[in-house]
Amino acid sequence: MESDLDLVAERLDLYPNFAVDTAARVPFLKAQPSARVRAFLIKYQERVLYGTDIELFREGDAPSVVAAWQNKLAADWRYFSTLDAIEFRGRMVQGLGLPPSVLRKLYHDNAVHWMPGILPTNKQ
């Protein structure tokens with residue numbers, strides 16, 4: 001359903017104990033109109049968790065693997081947190097510029113809520 005936010009929204013509306021994550025789905029989000037994705041994430045800000053499908057063990061030397069992880073995480077952060085124009089598969093997409101309160105839920109608070117055993121940190 002990652003390429004049809006209406007279907008995801010239907011499920012979120014139908015099932016109040018249902019949440020989704022972004023693991024391996026950021027490219028699907030980038031392929032959709034930024035304003036639509038932004039509105040979806042703001043509306044369901046308490047039901048979406050940031051996640052990746054980054055592999056813990058990969059072929060290659062450790063520094064290059066860590067650099068690849070850092071690049072992926074930084075690219076995702078830039079997409080979610082800024083209004084920058086970002087190149088994606090040969091075309092430019094606009095970052096979402098999500099408010100800090102939504103970013104905190106996406107990257108932290110929702111994981112604490114939806115995943116038992118994750119301890120909260122002090123809010124700053």
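**Close-up 1. Arg 89 in the loop between β3 and β4.** In this predicted model, Arg 89 is exposed, with 69% relative accessibility. Arg 89 sits in the loop between β3 and β4. Its phi is near 50 degrees, a positive value in a residue other than glycine. Most residues other than glycine have a negative phi.

**Close-up 2. Ala 24 in the loop between β1 and α2.** Ala 24 also has a positive phi, about 60 degrees, although it is not a glycine. The residue belongs to the loop between β1 and α2. Ala 24 counts as partly exposed because its relative accessibility is 35%, between the 20% and 50% limits.

**Close-up 3. Helix α4 and its cover.** Helix α4 runs through residues 62-81 and has 20 residues. From first C-alpha to last, α4 reaches 28 Å. That is close to the 28 Å expected at 1.5 Å a residue. The buried residues of α4 are Val 65, Asp 76, Tyr 79, Phe 80 and Ser 81. What covers these residues includes three helices, α2 (26-30), α3 (34-43) and α5 (100-114). The cover also includes the strands β3 (85-88) and β4 (91-94).

**Close-up 4. The aromatic pair of Tyr 50 and Phe 80.** The structure holds six aromatic pairs. One of them joins Tyr 50 and Phe 80 edge-to-face. The ring centres are 6.2 Å apart, with 85 degrees between the planes. The pair links distant parts of the chain, 30 residues apart. Tyr 50 lies in the loop between β2 (48-49) and α4, and Phe 80 in helix α4. Tyr 50 is buried because its relative accessible area, 18%, falls under the 20% cut-off. Phe 80 is buried too, with a relative accessible area of 0%.

**Close-up 5. The aromatic cluster.** Which residues do ring pairs link into a cluster? Tyr 50, Trp 77, Tyr 79, Phe 80 and Tyr 107 are linked in this way. Tyr 79 and Phe 80 are among the buried residues of α4.

**Close-up 6. The largest pocket.** The volume of the largest pocket is about 230 Å³. Its lining has 13 residues. Glu 2, Val 8, Val 20, Asp 21 and Arg 25 lie nearest the centre. The elements α1 (5-14), β1 (20-21) and α3 each give two or more residues to the lining. By type, the lining divides into nine nonpolar, one polar and three charged residues.

**Close-up 7. Lys 105 in helix α5.** Lys 105 lies in helix α5. Its C-alpha is separated from that of Leu 49 by 7.5 Å. Along the chain, Lys 105 and Leu 49 are 56 residues apart. Leaving aside neighbours within four places in sequence, Lys 105 is in contact with Gln 45, Glu 46, Val 48 and Asn 110.

**Close-up 8. His 108 in helix α5.** His 108 lies in helix α5. What does His 108 touch, not counting residues up to four places away in sequence? Its contacts are Leu 103, Pro 120 and Thr 121. His 108 and Thr 121 are 13 residues apart in sequence. Their C-alpha atoms are 8.9 Å apart in space.

Note on methods: Residues numbered from 1 in each chain as written. Predicted model: local features only at pLDDT ≥ 70, side-chain atom pairs only at ≥ 80, totals over all residues. Heavy atoms only, no water. Helix = DSSP H or I, 4+ residues; strand = E, 2+ residues; numbered from the N terminus. Expected span 1.5 Å × (residues − 1). Buried < 20%, exposed > 50% of the residue type's maximum accessible area, 1.4 Å probe, protein only. Contact = heavy atoms within 4.5 Å. 1 Å grid on protein atoms, 1.4 Å probe; cavity = no way out; pocket = protein on both sides within 12 Å on 5 of 7 lines; lining within 4 Å. Points joined across faces, edges and corners; volume = space filled by probe spheres on them. Nonpolar A, V, L, I, M, F, W, Y, C, P; charged D, E, K, R; others polar. Phe/Tyr/Trp six-rings, centres within 6.5 Å; stacked < 30°, edge-to-face > 60°.
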